[in-house]
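Subject: Structure handover

Hello,

Here is the structure I promised to pass on. My notes follow below it.

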Amino acid sequence: MNGSLAGISAGEFAALQHRLDIEKWLASEQAGRDLCGTMPWCKYCVKAEQHPCARAQMRGKMDAAMDELVDDIVEKEQGAPDAETGGILREEVREELAAEDLTRRTEGGAAPAAAVPDGYEEVTRYKRSFLSRLIQSSAAQGRYTELKNALLGFAGVKARMGKAGETFRFGRQVVAKFRITGKTLSLYLALDPVPFESSKYRFEDVSDKKTYAATPMRLRITSDRAARHAKELVRTLMQRLGSDEVGCIYTDFRYPYRTDEELIGNGLIVPYRVLVKKRG
């Protein structure tokens, strides 16, 4: 996650770039080879930018500061979580802080942009929150409501909606996640997919993805049958964890449809500008 560089003047970037050019040249002379691409800040570099080394180093410093901030937030929220849970929480917090940063820059107005390099153009992209995707996916809302009520019907289960999705915990353990890709609602469960490979259930094993290491069974909720099977697997999971099915006050979590313009106005969709290579 990179912070905003809008508050740094062109003069500051130019002075820092000059200093880093000297530092890189001296290091290259000592090593007997060109060290461009190997300096500590190089992994943040976008060569098409003006003053690329300066911008890259500033991104690195912002990233390090963000790590410290995330660690503080995680520690305040969860005490001292285990490594896996802590990693998941860090990702969720970083996603939310990234979206909030985009919102601040959009609402407050960014500083004048540097000249667009030759061969590139500026285009508008959209950061869509989980809630905005849900609002615009009316077909998914009924099954989402059904499954969310099913999860909350087990003792000790709590939900937390973030910018990227919704997470369910039983105590300190992540047991399920909702995400929406396009218009498809997916439920990720903390079940080992391997024992279910020859079962009636249709799922995807996403255990190789760090984000879903704790919830490696992905269920695409595209039909009533898929929702019914998901509820069965939720019950299996929670019974294994020792949670009783106590029920809950049924809540309708469906939302009226809203346009992109309305969601942008509410901060649920955040437009931002990026540099891309021109086609052709």
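First, a term: buried means under 20% relative accessible area, exposed means over 50%, and partly exposed is in between (1.4 Å probe, protein chains only). By that scale Arg172 is partly exposed, with a relative accessible area of 48%.

Some ground rules. This is a predicted model, where local features need pLDDT of at least 70 and side-chain atom pairs count only at pLDDT 80 or more, while totals for chains, interfaces and linings use all residues. Residues are numbered from 1 along each chain as its sequence is written, and side-chain values use heavy atoms, with hydrogens and water left out.

Overview

The chain has 7 helices and 8 strands. These are DSSP runs numbered from the N terminus: helices are H or I with at least four residues, strands are E with at least two. Of the 280 residues in the chain, 40% are buried. Take the contacts (heavy atoms within 4.5 Å) in the chain with a separation of 6 or more: 69% of them join residues 24 or more positions apart.

Helix 1

Helix 1 covers residues 10–31. Its 22 residues should span 32 Å at 1.5 Å a residue, and its end C-alpha atoms are 31 Å apart, which agrees. The expected span is 1.5 Å times one less than the number of residues. Phe13, Leu16, Gln17, Leu20, Lys24 and Ser28 are buried in this helix. Seen down the axis of helix 1, the buried residues fall within an arc of 105°, so they line one face. That arc is taken from the directions from the helix axis to the C-beta atoms. The face turned away from the buried side carries the exposed residues His18, Trp25, Glu29 and Gln30. Gly32 follows helix 1, with a positive phi near 80°.

Helix 5 and helix 6

Helix 5 (residues 138–152) and helix 6 (residues 224–240) have axes that come within 10 Å and cross at roughly 10°. That makes helix 5 roughly parallel to helix 6. Axes are lines fitted to C-alpha atoms, for helices over the stretch in contact, and angles run from 0 to 180 degrees between N-to-C directions. Roughly parallel is under 35 degrees, roughly antiparallel over 145, roughly perpendicular 65 to 115, and oblique the rest.

Which residues meet? From helix 5 there are Arg143, Glu146, Leu147, Ala150 and Leu151; from helix 6, Asp224, Ala227, Ala230, Lys231 and Val234. By class, this contact has 6 nonpolar, no polar and 4 charged residues. Ala, Val, Leu, Ile, Met, Phe, Trp, Tyr, Cys and Pro count as nonpolar, Asp, Glu, Lys and Arg as charged, and the others, Gly among them, as polar.

Helix 5 has 15 residues and reaches 21 Å from its first C-alpha to its last, close to the expected 21 Å. Its buried residues include Arg143, Leu147, Lys148 and Ala150.

Loops

- Ser137 lies between helix 4 (130–135) and helix 5. Ser137 is buried at 4% relative accessible area. Ser137 touches Ile180, Gly182 and Lys183, not counting residues up to four places away in sequence.
- His51 sits between helix 1 and helix 2 (52–78). At 17% relative accessibility, His51 counts as buried. Phi of His51 is positive, near 55°. Most residues other than glycine have a negative phi.
- Arg172 is between strand 3 (166–170) and strand 4 (173–181). The C-alpha atoms of Arg172 and Lys158 are separated by 9.9 Å.

Best wishes
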